[in-house]
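Me: I would like to go through the terms used for this model and check each one against its definition. Please give the cut-offs as we go.

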Amino acid sequence: MVGVAGVAGNGQTELIEAVVGVRPIERGRVVVHGRDVTRASPAERLRAGLVLVPQDRLRDGIVPALRLWENLVLGLHRDVFSPWRLRPQVGRQLARDAIREFAIRAPHPDVPVSYLSGGNIQKVVLARSALAVRRRPRPVLIAANPARGLDVRATAQVHAYLRSVAQQGGGVLLLSEDLDELMALCTRILVLYRGSIAGVFTGPPYDRYQLGAAMLGQHAASVGQAGTEA
């Protein structure tokens, strides 16, 4: 699991958008399991194994007017419905399973997702990512502040989910504003500063002060290789 640390506004959003294909790349490549997907569409990247938990669940994670089960299968129609024919009963069963597994507080799968609390909406987004991850042999999960808005128990469940993805052969790129979260979960942390990698740290253990110095642009305090592009 690789973490990305940095003060908000130092290129995290742009990095995510470039990797998943909604922002053009001026330099560099995106390669998934040896396949160059730099020019591929977001849908093609999803099929190649890139799965996203967006940092803004309301703007990028859901369609408020749709029901819970409809939000759960967004973007996964080719995976879930065969032969590409919408079957509500299948979607509802998947939603019931997700409600149970992720402890989503919802009365039934047909509830409009906008009726849920922010934390429960986040759980729906996480459940959708799990649905995608399980349908790919070696997924790469990009998770941006996945535990934001969740209580202690739900946060522990999210962390267990991230670890399970890595332990089962997948990769996790975790972007978080919580340095404790990154230090506890990641075997490597990249620090972004003004859109560039200011330091690469390997752990645990990590030195919080060296990480903090790199986050402020003090390159000399970083451990590992410093680069110029993310």
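Me: What makes the largest nonpolar core a core, and how many residues has it?

Reply: A nonpolar core is a set of buried Ala, Val, Leu, Ile, Met, Phe, Trp, Tyr and Cys residues joined through side-chain atoms within 4.5 Å. In this predicted model, the largest such set has 55 residues, and those with the most contacts inside it are Leu68, Ile104, Leu116, Leu141, Leu162 and Leu174. Helix 7 (residues 118–133) gives the largest share of this core, 9 residues. A second, separate core of 22 residues includes Leu15, Ala18, Ile25 and Leu50.

Me: On what basis are the values computed?

Reply: Residues are numbered from 1 along each chain as its sequence is written. The model is predicted, with local features needing pLDDT of at least 70 and side-chain atom pairs counting only at pLDDT 80 or more, while totals for chains, interfaces and linings use all residues; side-chain values use heavy atoms, leaving out hydrogens and water.

Me: Which residues does Leu116 touch, beyond those up to four places away in sequence?

Reply: Contact means heavy atoms within 4.5 Å. With residues up to four places away not counted, Leu116 touches Leu68, Ile104, Arg105, Ala106, Val111, Ile121 and Val124.

Me: Why is Asn71 called buried?

Reply: Buried means under 20% relative accessible area, exposed over 50%, and partly exposed in between (1.4 Å probe, protein chains only). Asn71 has 0% relative accessibility, so it counts as buried. Asn71 lies in helix 4 (residues 68–72), where a helix is a DSSP run of H or I with at least four residues, a strand is a run of E with at least two, and both are numbered from the N terminus. Outside its sequence neighbours up to four places away, Asn71 touches Ile62, Val63, Leu66, Val113, Val124 and Arg128.

Me: How do you know whether Ala95 is buried or exposed?

Reply: The relative accessible area of Ala95 is 0%, so Ala95 is buried. Ala95 is found in helix 6 (residues 88–101) and, leaving aside neighbours within four places in sequence, is in contact with Leu68, Trp69, Leu72 and Pro109. Its C-alpha atom is separated by 40 Å from that of Arg27, 68 residues apart along the chain.
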